[in-house]
Amino acid sequence: MNWRTIIYVILLVSLTVVKALPRSYRDIEEKTSIGQRFSQLQEKNFKAIAMIMFAQHVQGGTFGKAVKMAEDVTDLAKKCAAAAGGNPDCLKPLDKIFLDTICQEENLPRFTDCCAKKDPERNDCFLSLKNSSRGFISPFERPNAEAACKNHSQHQHSLTGYFIYEVSRRHPFLYAPTILSVATRYDEMMKNCCGRAEDPTHNLEECFRRQAPKVVKPVKEDGLRQEHTCGILKKFGERTIKALKLAQISQKFPKADFVTVNKLVMDIANMHKDCCRGEMLDCMHDREEILHYVCTNQDILSSKIKKCCEKPLLQRSECIVNAENDDKPADLSPHVREFIEDKGICERFAQEEDTHLARFLYEYSRRHPEFSAQMLLRIGKGYEDLLKECCKTGAPDNCFSRGEEELKKHIYETESVMKTSCDIYKEKGDYYFQNELLMSFTKKMPQLTSAELIKFTKQMTAIGSKCCQLSQDKLLPCAEENLDLVLGEICRRHLTDPINPGVCHCCSSSYALRRPCMGKLEIDENYVPLSLTPGLFTFHEDLCTTEDEKLQHKKQEMLINLIKYKPQITQEQLTSVTAAFTAMREQCCKEENCEACFVKEGPELIKRSEKMLSA
């Protein structure tokens, strides 16, 4: 097995793989065979993608096993391309061939149950075993900078190959071209930093510290977004994904007509279905086809994506997603009153329910770039409910006007929630704003660990930092769409380990209503508070650290335990306990023997706090 060759071709593929994909994919009625795929991608590209797919499916497998399976599949593909009709395996669907290859491997006991199932249940079983949670695979160990550069100079292709393998198995839902693009950035970072290693003025550690975030960022962001989208598709179905994409595309391309927008919605929904099923090659084809369509139809879509379409293919998608919304057509009326006032509205709704609702969402979204996509879905759902109520026989004459009032009320409430949150953030700053969130979410979800609560609220605080500085017309899309990613992560955590019935309801009932539902959750009344054991609150000399971040983390852990011990704690009680703790810390940190002071004063503080909390 020539590992060096395999590894090297993975590097070559990163900027060429998607260009090898045919543009006639949508015209093919049946799934493309493995031989056809091999011919389209060529051997080096096919083998590279296959290795990523096996690393993502068999996350606990060795690098050598992933390469071996990739070679086995590539050998079959090569034979099928040469003589398509000679082997019945050549006619099997691609996903079946990949799973058959895994199931034929020895020493993979984790997949025994999945391999015993028939397709498509077998594929669903394999997908359910993909685990992207932190800690499932040990985190990357940051190597010594000098040792890394020495390794890179001696084993450049091996090092980058292993990097690709490690990224793939830690991010099982990540789009293959993203991994390949990241590998290119990784290789550039190694060359940039190590290239000047002999220069005595060059700080290697600082170079890696500065450039590493650029390598890691697309892995984190793309991985989270893909997992998020797949979670929505799995939980709420294709109709919800189509509605979400319809709102987003209508905002992005307000000059495009309904038929064009709808075509893009269908194509993107199909792409996500393929991507979320783990059909990586089909997923890549779908995306390339969509990018080709968008960039060859800029005149009817948008004037804001010209520079994106001039970028290399791997950078094009991210650029278009982050591009500004196009300007609204000059003759676009500010209102969509025809969807309420036209006399034939109920008849049209009865004849073509989904199409009528889609047209409403399209027209409303293209007029309101200042709203989040989730809010637009809530408005669409409100309009659907309004039609169902007002089109009933005997509905009152003012039925539709009542709906308008409800809409105005909802818009006002949503904007008020975001404005209030930003006002608190601007007043309190990162640390104290996060503490407010910690108090709220610990009461709503006390079953989460301290680490989880701190992580989720830190992400929410970062949204405040990012969005609250924006103008009013950009605040809502920024805040709610980023918050939706965090709530999606909480809901995926709930699926793997249920939190409580309130969270279950919010995560299951309606995608569009998920954020307001979570906002309305109060104290989990069924939660049994923590007992006051000796280890619940401990005080040591590390509380005297001068490192703000470490101290804040310790204080936040104590805050969480305090709320889990006393969920009904009032603001007045919290203020009293906090003041008592601060006084004790200041006193002990002045002592020569801090630890002895904490040992003596800590239990006294707990006794006083108990009295404050029972008052």
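Predicted model: local features only at pLDDT ≥ 70, side-chain atom pairs only at ≥ 80, totals over all residues.
Residues are numbered from 1 along each chain as its sequence is written, and side-chain values use heavy atoms, with hydrogens and water left out.

**Exercise 1. Find where the model's confidence is lowest and where it is highest.**

Step 1: pLDDT is the predictor's confidence in each residue, from 0 to 100.

Step 2: Look at the whole chain. The mean pLDDT of the protein chain is 87, with 93% of its residues at 70 or more.

Step 3: Go helix by helix. Helices here are DSSP runs (H or I, at least four residues), numbered from the N terminus. Helix α1 (residues 3-13) has the lowest confidence, a mean of 40, while helix α12 (residues 238-252) has the highest, at 97.

Step 4: Check the start of the chain. Residues 1-29 have a pLDDT below 50, and beyond near neighbours in sequence this stretch has 72 contacts in the model. A contact means heavy atoms within 4.5 Å.

**Exercise 2. Which residues does the "domain: Albumin" annotation cover?**

Step 1: Read the record. The unreviewed UniProt entry puts this annotation on residues 23-216, 217-409 and 410-607. UniProt positions are given in the numbering used here, feature names are shortened, and annotations may be inferred rather than shown by experiment.

Step 2: Take residues 217-409. This span is 75% helix and 0% strand, and its end C-alpha atoms lie 39 Å apart. Strands, by the way, are DSSP runs too (E, at least two residues).

Step 3: Now residues 410-607. Here you get 74% helix and 0% strand, with 47 Å between the end C-alpha atoms.

**Exercise 3. Is Gln211 buried or exposed?**

Step 1: Know the cut-offs. Buried means under 20% relative accessible area, exposed means over 50%, and partly exposed is in between (1.4 Å probe, protein chains only).

Step 2: Apply them. Gln211 has 16% relative accessibility, so it counts as buried.

Step 3: Gln211 sits in helix α11 (residues 204-236). Setting aside neighbours within four places in sequence, Gln211 touches Met189, Asn192 and Cys193.

**Exercise 4. How many disulfides does the whole structure have, and what do some of them link?**

Step 1: A disulfide is a covalent bond between the sulfur atoms of two cysteines. The test used here is a pair of cysteine sulfur atoms within 2.5 Å.

Step 2: Count. The search finds 17 disulfides.

Step 3: Cys230 is buried at 16%, and Cys276 is buried at 15%.

Step 4: Cys346 lies in helix α19 (residues 345-351) and Cys391 in the loop between α21 (373-390) and α22 (399-444), so the pair ties together parts 45 residues apart in sequence. Cys346 is partly exposed at 26%, and Cys391 is partly exposed at 27%.

**Exercise 5. Which residues have the most contacts inside the largest nonpolar core?**

Step 1: Define it. A nonpolar core is a set of buried Ala, Val, Leu, Ile, Met, Phe, Trp, Tyr and Cys residues joined through side-chain atoms within 4.5 Å.

Step 2: Name them. The largest core has 112 residues, and Met518 and Phe539 have the most contacts inside it. Helix α22 gives the most to this core, with 11 residues.

Step 3: Zoom in on Phe539. Beyond four places in sequence, its contacts include Met558, Phe581 and Leu605.

Step 4: Look for another. A second, separate core of 61 residues includes Val73, Leu99, Met280 and Cys283.
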